[in-house]
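This report goes through selected local features of the model shown below.

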Amino acid sequence: VNGMHDMGGMDGFGPIRPDGGETPFQHRWEAKAFAHLLACGALGKWNNDAVRSHFESFSPSEYLTMRYFERWNVGLIGLLIDAGLVAREEIATGRADPTAQKAAPPLREQDVPSVVAAREPYNRAVSRELIFANGTKVRARNVHPETHTRLPRYVRGKRGVIERCHGVFVFPDTNAAMLGEHPQHLYFVRFDGTELWGDRGDIRAPVYTDIWEQHLEPV
Amino acid sequence: VARARPSSGLVQVRGISFTRCRRSAGILTEFGLRLDEDVEIRVWDSTAEIRYLVLPERPSGSEGLSEDELAALVTRDAMIGVAKAAPPRRVPA
C-alpha cells in the first residue's frame, strides 16, 4: 500500500535531532508496548509481516502524529480485535468481558525467555533457479500493490545492478495477508543516486536495498 | 546512511536512510559527522529481514589496545554509520 510509512525521498521533516542516548526506550510505557506486542505475537495469530501491514493502514495524519511505540500500542489493539481476542466494547469500556474467548494456550511467564530467544528466521532452505546473477542490470518493477509490500516507492521503475543474492526468503507481500510464504530469492541491489533522485542525487552515495525476485525484471 | 572507505565497514540506519537518502553527506553533518570529500558514502535501506552493522574504522592511536579497550571506543552511532569510533583518551604506554 502506498502509505505514509513509505517516506523515502520525502522532504520537509526538518533536521534530525540525534537523541545521543543508547537506550531503546525513552519512557516506561514504550517498554511495555514492546513487551505487549511480543507477548501477543507469541499467541501465533499473526506474523511479522501482518503486523507491519496493520501498522501501515493508519491514515497519514494518524501515522505522523503517533510516536513510534504509540503505533505499536494502537496497532496491537487492532490486531487483537481482528483476531477476535478482544472486543471493541472491552477496549471502549476498559473492562474485560468475562464471557470473552481467551487465547489458548496463553503465554506463561516461564515460557517468555524461550519465546523471546527463539528467532523467527525468514530464510528458507529450498532450492530455486537463480534468475539474476551478480552484476546483472535490473529494473525494479513499477508496481503499486494495495496490500503490504516491502518494495520502496522511490525505486519503482528505476534501474539498478544486482550486487549479490542473499538466498531464498519468505515473500512478505503474500505472507502479510496469510496467503503463504512463496519463498524466493532476495537480492541486494545497487541504485545510483542520480538514477533515483536526478540532478539532486548524490553521486557519492549509491543506495543499496534488498529486493525480492518477483519485484525485479531484466533491463 | 552508511559510509565506507574501500574495504572498510558498512552500513545502515533505519529510518534515516529511509526518509532522507537524497543528501546523505548533509544528513551525516546533522549527526555531527563530517567526512572528507574522497570518502564514498553508501546508503543501505534495510527493506528485508537482513540487518546490517557498521564495522567502525579503527581510530588512530588505538594500536596496542586490548579487545575490551577497543570495544569501549565503539558506540551505537559508530555501528550505524553516523559517527566514528572515538579515539582513545590516552595513548597506551
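## Helix α2 of chain A

Helix α2 of chain A, residues 48-55, is mostly covered, with six of its eight residues buried. Buried here means under 20% relative accessible area, exposed means over 50%, and partly exposed lies in between, with a 1.4 Å probe and protein chains only. Helices (H or I, at least four residues) and strands (E, at least two) are DSSP runs numbered from the N terminus. The buried set consists of Asp49(A), Ala50(A), Val51(A), Arg52(A), His54(A) and Phe55(A). These residues pack against α1 (28-41), α3 (60-65), α4 (68-82) and α7 (172-175) of chain A, a contact being heavy atoms within 4.5 Å.

At the start of α2(A), the backbone nitrogen of Asp49(A) has a side-chain oxygen of Asn47(A) within 3.0 Å.

## Basis of the model

This is a predicted model, in which local features need pLDDT of at least 70 and side-chain atom pairs count only at pLDDT 80 or more, while totals for chains, interfaces and linings use all residues. Residues are numbered from 1 along each chain as its sequence is written, chains are lettered from A and ligands numbered from 1 in the order in which they are written, and side-chain values use heavy atoms, with hydrogens and water left out.

## Nonpolar cores

A nonpolar core is a set of buried Ala, Val, Leu, Ile, Met, Phe, Trp, Tyr and Cys residues joined through side-chain atoms within 4.5 Å. The largest has 26 residues, and Val155(A), Ile162(A) and Phe191(A) are among those with the most contacts inside it. At least two residues of this core come from each of β1, β3 (184-191), α8 (193-197) and β4 (207-212) of chain A, and from each of α2 (24-30) and β2 (40-45) of chain B. β3(A) gives the most, with three residues.

Leaving out residues up to four places away in sequence, Phe191(A) touches residues including Ala140(A), Val155(A), Leu196(A) and Ile211(A). A second, separate core of 18 residues includes Trp46(A), Tyr63(A), Leu76(A) and Leu80(A).

## Loop residues

Asn123(A) sits in the loop between α6 (112-117) and β1 (137-140) of chain A and is partly exposed, at 44% relative accessible area. Beyond its neighbours within four places in sequence, Asn123(A) contacts Val168(A) and Phe169(A). The C-alpha atoms of Asn123(A) and Val170(A) are 6.3 Å apart, although 47 residues separate the two in sequence.

The loop between α7 and β3 of chain A holds Met178(A) and His182(A). Met178(A), not a glycine, has a positive phi of about 55°. His182(A), also a residue other than glycine, has a positive phi near 35° and is partly exposed at 44% relative accessibility.

Definitions and conventions:
A polar contact is a pair of N or O atoms within 3.5 Å; within protein, one must be able to donate a hydrogen and the other to accept it, and residues adjacent in sequence count only if both atoms are side-chain atoms.
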